[in-house]
Amino acid sequence: MASVGSTANPLRVAIIGSGPAGFYTVSNLLKHTELAIEMDMFERLPTPFGLVRAGVAPDHQKDKTVTRAFDKSAEASSFRFFGNVEYGNHIKLEDLRAHYHQVVFAIGAQSDRSLDIPGEAAVGSHTATEFVAWYNGHPDYVDYEFDLSGSSAAIVGLGNVAIDVARILCKTPAELESTDIADYALEAMRNSRLKTVYVLGRRGPAQAAFSPAEIKEMGELTVTDIQVRSEEAALDDLSRATLENSGDKNALKNVQLIDEFSRWQSTGKDKRLIIRFMVSPTEILSDSDGKVSAIRIVRNEAYRDESGQVRARPTSEEELLPVNLVFRSVGYKGIRLPEIPFDDALGTFKNVEGRITDQAGIALTGLYVAGWIKRGATGVIGSNKTDARET
Ligand code: NAP
């Protein structure tokens, strides 16, 4: 038989998932012009692009232009896209093994980390990812309902998703009209009565997971005053020492921006965005109808763990913030798929540099992984390019 990768016997690759990791896998394979390769991409939804379509904020349309590069890859005659096909349901590992030399799983991280605090299941307590998928028109979430009739909301977490959600809640309907937001979500925003949005971070500005560009944009909101307490913007001794040592440019910029915000005075705008640091939620309280009525938070103090990281631990100082909605935005987590070894601690498929392994670390022939389900939910869209190249 002709060797694999020859014109008579092309290397056949199945790619499961059509987000950035899937498409960067395709573009990397297309560079191997020395091989004849045939690629089939299988996607659970009818449409491609994963989180570029359903995760990127609707007012960040520039971030979506990456799909032009994905479109270009999809034009290759060696590439086919099959929508509405779900691994484990419509196709199984034995089907893929029978028809392909290699299978690359690029299914992203489809679940959320939880807070594990009482009241998390109250009506009006949601994951940020549900809200994001809803306002982006993800077919699985169009029937979700978010009650925006209350006056305040809390978003837990200091990552870019938390900032996206805060920004969408703090923009005007007129500003949202020109975005990609789903029509029903725009209508809900028009009726929103939210006046106060809290973003709650368990560590300080030096450890915030948001990017400088994202937090800077929050200072440009037209109808929302931004508030940061000066004592929470100030760095504790451990954070200052760590930052001086590391010289981490993003963290330095974040700290500088938060410090600037802490000096801003209210200008009497219609809404307030209150960013809190060194606080952790300990309970979500609800009224007699089971609806969120408040969130209890505890002040944290910084300490250094055995690995040298600055972490937060609770003090005895508590506060109650009256809120009607809670969005938990504490990161994504991968989910298991049938027959693929899973690392429970990391929420990823067991792998070494993109080769799926068994639980003992032995590579499983022909099985690969790329993107968030390989390395965890970190990095930006472009991070998946190098990730897929490694795979
Ligand atoms: P993330 O960046 O991992 O941030 C998660 C946040 O949740 C961190 O601030 C973390 O704090 C906090 N957290 C975790 N467990 C917590 C707990 N039990 N209590 C309180 N806080 C807790 O996750 P993400 O915001 O979901 O974003 C996922 C990835 O997508 C990131 O790489 C992000 O940069 C990317 N993304 C990028 C953009 C963009 O570029 N515009 C937009 C959206 C998302 P600790 O640091 O203390 O753990």
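**The ligand and its shell**

Modeller: Around the ligand there are 22 residues, of which Leu158, Asn160, Arg202, Arg203 and Gly379 come nearest, a residue being near if one of its heavy atoms lies within 4 Å of the molecule. Please keep in mind that this is a predicted model, in which local features need pLDDT of at least 70 and side-chain atom pairs count only at pLDDT 80 or more, while totals for chains, interfaces and linings use all residues. Residue numbers run from 1 along each chain as its sequence is written, and side-chain values use heavy atoms, with hydrogens and water left out.

By type, the shell residues divide into ten nonpolar, seven polar and five charged (Ala, Val, Leu, Ile, Met, Phe, Trp, Tyr, Cys and Pro count as nonpolar, Asp, Glu, Lys and Arg as charged, and the others, Gly among them, as polar). Helix H6, residues 160-170, contributes the largest share of the shell, three residues; helices here are DSSP runs of H or I with at least four residues, strands are runs of E with at least two, and both are numbered from the N terminus.

Several polar contacts (pairs of N or O atoms within 3.5 Å) can be described one by one. A polar backbone atom of leucine 158 lies 3.0 Å from an oxygen atom of the ligand, and for asparagine 160 an N or O atom in the side chain is 2.9 Å from a ligand oxygen. With glutamate 214 the ligand atom is a nitrogen, 3.2 Å from an N or O atom in the side chain. Taken alone the ligand exposes 910 Å², and the protein buries 81% of that, the areas coming from the Shrake-Rupley method with a 1.4 Å probe.

Turning to the sheet, six strands form an open arrangement in the order S6-S14-S7-S8-S10-S9, with parallel pairing, where two strands pair if DSSP finds at least two bridges between them. Strand S6 (125-127) and strand S9 (224-228) are the edge strands, each pairing on one side only. From one strand to the next the twist averages 20°, with axes being lines fitted to C-alpha atoms and angles running from 0 to 180 degrees between N-to-C directions.

Technical notes:
A polar contact is a pair of N or O atoms within 3.5 Å; within protein, one must be able to donate a hydrogen and the other to accept it, and residues adjacent in sequence count only if both atoms are side-chain atoms.
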